[in-house]
Amino acid sequence: MAAAPAASFSRLHARSWLWDLRNTARPISVLYSTSPIQHCEPEEPTTKSAESEHRTNGEKVKNNSSYYPKRGQTLELVCESLAFKGKGVCKVADSGFVVMCDGALPGERFIGRVTRKKDNYAEAKKLEILSPHWDNVEAPCGYASICGGCKTQNLLYETQVKLKEQQVYELIAHVGKFSEKDVVMKPIVPCDIQFHYRNKMEFSFSNKKWLPLESLQIDNGEGDEYALGLHAPGFFDKVLNIDVCLLQSDPANKVLASIQNCWRDPKFNLSPYNVYSHQGFLKHLMLKTGSNCDNGQPELMVNFITSSYKPELLKPLVEKICDLPYVVSIMNNINTSVSSTSVGEEEYTLFGKSTITESLRGLKFQISANSFFQTNTHQAEVLYKLIEDCAGLRGDGSEIVLDLFCGTGTIGLTLAKRVKHVYGFELVDQAISDARRNADLNGITNATFVKGDLNKIADNFGEYFPKPDLVITDPNRPGMHLKLIKFLLKLKAERIVYISCNPATCARDLDYLCHDVPEQNVKGCYHLKSVQPVDMFPHTPHIECVCLLELR
């Protein structure tokens, strides 16, 4: 199990790249173009005065600040770094002009075609690799280059986490406006397990199999058009057929293979859903892996999401997989809407029990088909230990904890044994039901879970609980609503532990909590003590952060 490096931390000024970045040619706004709110102004690109030649459809391009490529133009590009969400930050060779390219990795030199123009940069598609990137390794997954799920699988893992750490620090500095002496930035905690770490995967059925261009050129046009797999990057209507995924467990891959082998059989009369005509039966396949808390053996839940309730159609598939090792639950969620969500309006148990179990920080949790649970159980142990350490609880049972965006209550419940009471708030009904059930399952009586929309809190929100000593907030990707931030600033709890799956919106919220932002009528009253990046999802651009704030 990975652990946080002991006594291993540094301040921002120890990383010279962060401050040198401000003097580089690339505009900082490009790095954070995906963030909903930014507090930094773009810097002007600097260019060399000499005239340079680039591969641009045979044209010679003058290397000056007025240079701007056209859509459809091909360019020789060099990738310098990765931006948040994994896009390569590239420059036109011998030029300062910035081009963002999905799938480009640092050090790689390639030919790209401009697909989109923005105000101060362009976007491109990679066409031909001229020289490989730094720290190149062979991706073990045959789908890695096309499915989009593992964008950096062909990049040395040590380099992956280093780049993620750099992205967090850049965001904290430029979006959060924290200077070199403001905050302790701890080294990223890597994940010991880089494959088969996901306990949940969702696959989509489609009536039209998507193939990359190179596969189309060798495809003989024969065979089935149907697909069960993952969406092609950037497309809601294109599904790449997947036979095995190296991110999910081996038992889950066996179930996937078994279903792939039979669901297309005409005698079963199973039709995949068509997102255009809204006809068809099979929508999604969700696989969840837990563990039996008594013997430690895996427990697998198979959830078919269909457009209607027709158990007779699913019966052949159920019979095919119910005898596979570790399958203890087969569910059917009914989603009659045209949306692509996997959460159904109705739910039926087709085989076994309706939940699987998992243990975390010494507690037992029941996981239903639609409940949220940390997707990487192994690294969640590491993450929750870091949260507990950050919380700085006295352990005498005297403190009140406010757990915002509590989900199924996993964080609050792991802290409950050391505090007086935990008050958890969450929007999703099913999550609140799961949180209450998990409290009962573990004999925890000092936790209260309440359904509520934290983006629409009323003026009397603080009347639902006594003043907390500690606030835990774990918002989804958009971060916290400004109204909630203003409530926390008025509440003035001694400590806030902010857990984030989006360091861009996290940096924005930290700015509000710690600094004065007159244009938003915000007066910050906290000091950011530390930021701890955690790699929860190797080979992907996703990053988790644990931030500790103390009242000034």
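Reader: Why does Cys90 count as buried?
Author: Happy to walk through it, with the reminder that this is a predicted model. Buried means under 20% relative accessible area. Cys90 comes to 0%, so Cys90 counts as buried.

Reader: And what makes Cys147 count as buried?
Author: The cut-off is under 20% again. Cys147 has 11% relative accessibility, so Cys147 is buried too.

Reader: What about the sulfur of Cys147? Which cysteine is closest?
Author: That is Cys150, with its sulfur 5.6 Å away, so this pair is too far apart for a bond as well. Searching the whole structure gives zero disulfides.

Reader: Let's turn to the sheet with β10 and β14. What is the order of its strands?
Author: The seven strands run β10-β9-β8-β11-β12-β13-β14 in an open sheet with mixed pairing.

Reader: Why are β10 and β14 said to stand at the edges?
Author: Because β10 (239-241) and β14 (346-352) each have a single partner strand, one side of each is left without a neighbour in the sheet. From one strand to the next, the twist averages 30°.

Reader: How do you know that β11 and β12 pair?
Author: Two strands pair if there are at least two bridges between them. Strand β11 (residues 282-291) and strand β12 (residues 298-306) have nine bridges, in the antiparallel sense. For one of the residue pairs, look at Met286, whose bridge partner in β12 is Asn303.

Reader: Which helix touches β8, β9 and β10?
Author: Helix α6 (residues 250-260) packs on the sheet, where it touches β8 (200-206), β9 (227-231) and β10, along with β11, β12 and β13 (327-334). The direction of α6 makes about 40° with that of β12.

Reader: And where does helix α7 lie?
Author: Helix α7 (residues 311-321) lies across β11, β12, β13 and β14, and runs at about 155° to β12.

Reader: Which residues of α7 are buried, and what makes you say that they line one face?
Author: In α7 the buried residues are Leu313, Leu314, Leu317, Val318 and Ile321. Seen down the axis of α7, the buried residues fall within an arc of 130°, so they line one face of the helix. Their cover includes α6, β11, β12, β13 and β14.

Reader: Why is strand β25 called mostly covered?
Author: Count the residues under the 20% cut-off. In β25 (residues 544-551), six of the eight residues are buried, so the strand is mostly covered.

Reader: What does the protein as a whole come to in helices and strands?
Author: There are 12 helices and 25 strands. Of the 552 residues, 54% count as buried. The accessible surface comes to about 24,200 Å², with 49% of it belonging to carbon and sulfur atoms.

Notes: Residues numbered from 1 in each chain as written. Predicted model: local features only at pLDDT ≥ 70, side-chain atom pairs only at ≥ 80, totals over all residues. Heavy atoms only, no water. Disulfide = S-S within 2.5 Å. Buried < 20%, exposed > 50% of the residue type's maximum accessible area, 1.4 Å probe, protein only. Helix = DSSP H or I, 4+ residues; strand = E, 2+ residues; numbered from the N terminus. Axes fitted to C-alpha atoms, helices over the stretch in contact; angles between N-to-C directions. Contact = heavy atoms within 4.5 Å. Arc of directions from axis to C-beta. Areas by Shrake-Rupley, 256 points an atom, 1.4 Å probe, with all protein chains shown as cover.
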